[in-house]
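Work through these exercises with the model open beside you. Try each task before you read its solution.

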Amino acid sequence: LSFSVSSVLTGLVFFLMGTCKLGALIGFFPRHILIGCIGGVGFFLLLTGLEVSARLPGAFDFSLGTLERLMQLDTVFLWTTPLLLAVGLLVLKRFLRSNFLVGGYFIGVAIVFYIVKFSARVPMDSLRGKGWVFDAPSSSNPWYHFYTLYGE
């Protein structure tokens, strides 16, 4: 809950700063602090991306066990595929200047995924079991069940 509230408040503050033309206030923060904060967020996103895409149990830790898990053949494809897709998007952005590129890229990736899935006749349960697709939510839960998790 606190992460959600802080994200909303941060977005609201930056929106208000932009609306009120107060962007120059950012100049009062030392540059190395801003770079450190942005770098820290990037590092956090990198580790979280590895953890989620490789289906690592628990939090990411810097250990030999985690490295061995990341280097297993079935796990390598799980985390290198999104990495290569991200690099591919960066390369495309260098050559194509369009506001529709990012959205179109992600829609295209989803279309290619389903073309491969249906042409290879791979069942969705098999993809879920191997970590390529997230587990489906329980059908016994109502559509608003996610919001009840904030109260726990």
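**Exercise 1.** What volume does the largest pocket have? Then find out what lines it.

*Solution.* Keep in mind that this is a predicted model.
Step 1. The volume of the largest pocket is about 770 Å³.
Step 2. Go to its centre. Of the 26 lining residues, Thr81, Leu85, Val109, Phe113 and Trp132 are the closest to that point.
Step 3. Turn to the helices. At least two lining residues come from each of α2 (31-53), α4 and α5. The largest share is that of α5, with 10 residues.
Step 4. Sort the lining by class. It has 20 nonpolar, four polar and two charged residues.

**Exercise 2.** Which residues line the second largest pocket? Give the volume and the classes too.

*Solution.* 
Step 1. The volume of the second largest pocket is about 220 Å³.
Step 2. List the lining: Leu45, Leu46, Gly49, Leu50, Ser53, Trp79, Pro82, Leu83, Ala86, Val87 and Leu90.
Step 3. α4 gives the most, six residues.
Step 4. Sort by class. Nine residues are nonpolar and two are polar, and no charged residue takes part.

**Exercise 3.** At roughly what angle do the axes of α4 and α5 cross? Describe the contact as well.

*Solution.* 
Step 1. Locate the helices. α4 covers residues 73-95, and α5 covers residues 101-120.
Step 2. Compare the axes. They come within 11 Å and cross at roughly 145°.
Step 3. The crossing is right-handed.
Step 4. Name the contact residues. α4 brings Leu85, Gly88, Leu89, Leu92 and Lys93. α5 brings Leu101, Val102, Tyr105, Phe106 and Val109.
Step 5. Sort them by class. The contact has eight nonpolar residues, one polar and one charged.
Step 6. Look back at the largest pocket.

**Exercise 4.** How many salt bridges does the structure hold? Identify the partners.

*Solution.* 
Step 1. Count. There is one salt bridge.
Step 2. Name the pair. Arg128 is bridged to Asp125.
Step 3. Check the distance. The closest N and O atoms are 3.6 Å apart. The cut-off is 4 Å, so a pair within it counts.

Terms used: Residues numbered from 1 in each chain as written. Predicted model: local features only at pLDDT ≥ 70, side-chain atom pairs only at ≥ 80, totals over all residues. Heavy atoms only, no water. Axes fitted to C-alpha atoms, helices over the stretch in contact; angles between N-to-C directions. Helix = DSSP H or I, 4+ residues; strand = E, 2+ residues; numbered from the N terminus. Left-handed = near helix turned anticlockwise from the far one by under 90°. Contact = heavy atoms within 4.5 Å. Nonpolar A, V, L, I, M, F, W, Y, C, P; charged D, E, K, R; others polar. 1 Å grid on protein atoms, 1.4 Å probe; cavity = no way out; pocket = protein on both sides within 12 Å on 5 of 7 lines; lining within 4 Å. Points joined across faces, edges and corners; volume = space filled by probe spheres on them. Salt bridge = Lys/Arg side-chain N within 4 Å of Asp/Glu carboxyl O.
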